[in-house]
Amino acid sequence: MRPEQGTMQSRAQAMAALLEVLTDQPVIICNGFPSREAQKLADRPTHFYMIGSMGNAAAIGLGVALSKPSKKVIVFDGDGNVLMGMGTLATVGALRPKNFVHVVFDNEVYGSTGNQPTISNVVQLEKVAKAAGYVAVERVLDREDLVYEFKDMLKNDGPSMLLVKVNEFVEDAGRIALEPPAITARFMKSIE
Amino acid sequence: MVDSDVFVQALESLGVNFFTGVPDSLLGGIIEELLTRKLYTSAVREDEAVAMAAGAFMAGKIPAVLMQNSGLGTSLNTLLSLNMIYRLPCLLLVSWRGFEGKDAPEHLVMGETMPQLLDTMKIPHRTLSEQTMADDLRWVGQTFMKQRIPVALLIKKGIIKGLHP
């Protein structure tokens with residue numbers, strides 16, 4: 001157990017706080033438990049639940065953001081996912097889409113496969129994003145800071161990254177109920 | 001040989017309006033033309049390009065991804081576990097490096113096995129030629145809309161004018 005872990009929220013608690021702030025913004029949610037937890041907390045048509053293609057959440061979100069500049073696009077990502085597709089931090093930093101908000105739930109483990117350690121305990125992903133050209137980055141621990149910074153990022157121009165340190169707790173959340181083509185159709189209709 | 005601007009114009013006429021990818025020398029002329037028209041978004045890996053194109057499609061665009069055939073290897077999982085299962089179509093413009101064994105060593109295995117690889121992945125594909133271009137693009141449009149999966153157009157050396165003619 002990490003020293004600060006006792007004070008940390010679970011990913012589901014952090015996600016619930018952010019979902020309370022969101023209304024009709026498109027949200028791309030990375031594969032594994034993050035998608036399952038989001039579905040359990042609030043299943044909205046504006047949610048694109050990934051079940052595969054690990055590492056690609058930010059790239060999918062970037063494609064939406066570039067094509068829909070009038071909408072703030074949110075990505076719910078994990079440390080394992082960001083590390084796998086780290087090149088996309090550079091692409092986002094170079095293209096600088098103002099409407100791109102990248103939330104990273106960092107639990108320092110591959111939680112969906114049995115809590116094997118990632119390397120985000122050593123590599124600070126929000127610093128990588130900052131170096132790549134993200135306009136605003138924040139690293140937060142508690143709920144109050146999380147909600148405050150998230151609201152700020154929704155209001156201001158990005159791209160921005162909000163990295164929230166979370167503990168390893170995983171919610172008891174079932175598999176994604178919709179078939180993938182139905183997720184696509186529902187998501188597309190909701191962001192038309 | 002087909003001029004790059006003629007080919008890009010034909011793609012635009014087909015409705016393609018989001019272009020991304022990773023360069024190859026055989027695609028250099030096309031990318032230069034796309035950059036001139038401010039239509040190209042540069043990606044750093046082919047799987048990223050495919051995922052960006054998927055996002056663009058869901059946001060109402062008709063996407064194309066340019067890549068060397070080595071990029072099919074890099075983007076394999078994204079094509080299968082994103083595009084294929086979510087029914088997210090995309091036009092893949094793939095340069096056929098290693099065609100008939102005439103290329104640098106790193107291209108030879110992929111050059112020989114690419115058609116079987118695409119067949120195994122169930123990605124419909126055609127090889128572009130100057131004589132059949134209009135028909136090839138018609139086929140791309142129809143397959144794209146009907147099957148809603150990635151469709152590959154393979155581009156051999158000498159078909160489209162490049163940066164080094």
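In the predicted model, chain B contains an open sheet of 6 strands, arranged in the order β2-β1-β3-β4-β6-β5 and paired in parallel fashion. The edges of this sheet are formed by β2 (40–42) and β5 (125–127) of chain B, each of which pairs on one side only. Direction ignored, neighbouring strands are turned against each other by 20° on average. Strands of a sheet pair through backbone hydrogen bonds, in either a parallel or an antiparallel manner.

Helix α4(B) comprises 17 residues and reaches 24 Å from its first C-alpha to its last, close to the 24 Å expected at 1.5 Å a residue, although a kink of about 50° is centred on B:Leu76. The buried residues of this helix are B:Ser70, B:Gly71, B:Leu72, B:Ser75, B:Thr78, B:Leu79, B:Leu82, B:Asn83 and B:Tyr86. An α-helix has 3.6 residues a turn, so residues three or four places apart point the same way. The cover over the buried residues of α4(B) includes elements of both chains, namely α8 (180–190) of chain A together with α3, β3, β4, α5 (105–120) and β6 (150–155) of chain B. Following α4(B) is B:Arg87, whose phi is positive, near 60°.

Between the two chains, 25 residues of chain B are in contact with 25 residues of chain A. On the side of chain B that touches chain A, the elements giving two or more residues are α3 (46–58) and α4 (70–86) of chain B, and α3(B) gives the most, with 9 residues. Classified by residue type, this side of chain B has 14 nonpolar, 6 polar and 5 charged residues.

In chain A, A:Lys98 is found in the loop between α5 (87–95) and β4 (100–106). This residue counts as partly exposed because 13 C-beta neighbours lie inside 10 Å. When residues up to four places away in sequence are not counted, A:Lys98 touches A:Asp157 and A:Gly158. A:Lys98 and A:Val73, which are 25 residues apart in sequence, are 9.5 Å apart in space, C-alpha to C-alpha.

Notes: Residues numbered from 1 in each chain as written. Chains lettered and ligands numbered in written order. Predicted model: local features only at pLDDT ≥ 70, side-chain atom pairs only at ≥ 80, totals over all residues. Contact = placed C-beta atoms within 7 Å. Helix = DSSP H or I, 4+ residues; strand = E, 2+ residues; numbered from the N terminus. Nonpolar A, V, L, I, M, F, W, Y, C, P; charged D, E, K, R; others polar. Buried ≥ 20, exposed ≤ 12 C-beta atoms within 10 Å, placed from the backbone. Pairing = 2+ DSSP bridges. Axes fitted to C-alpha atoms, helices over the stretch in contact; angles between N-to-C directions. Expected span 1.5 Å × (residues − 1). Bend = angle between axes of the 7 residues up to and from the residue.
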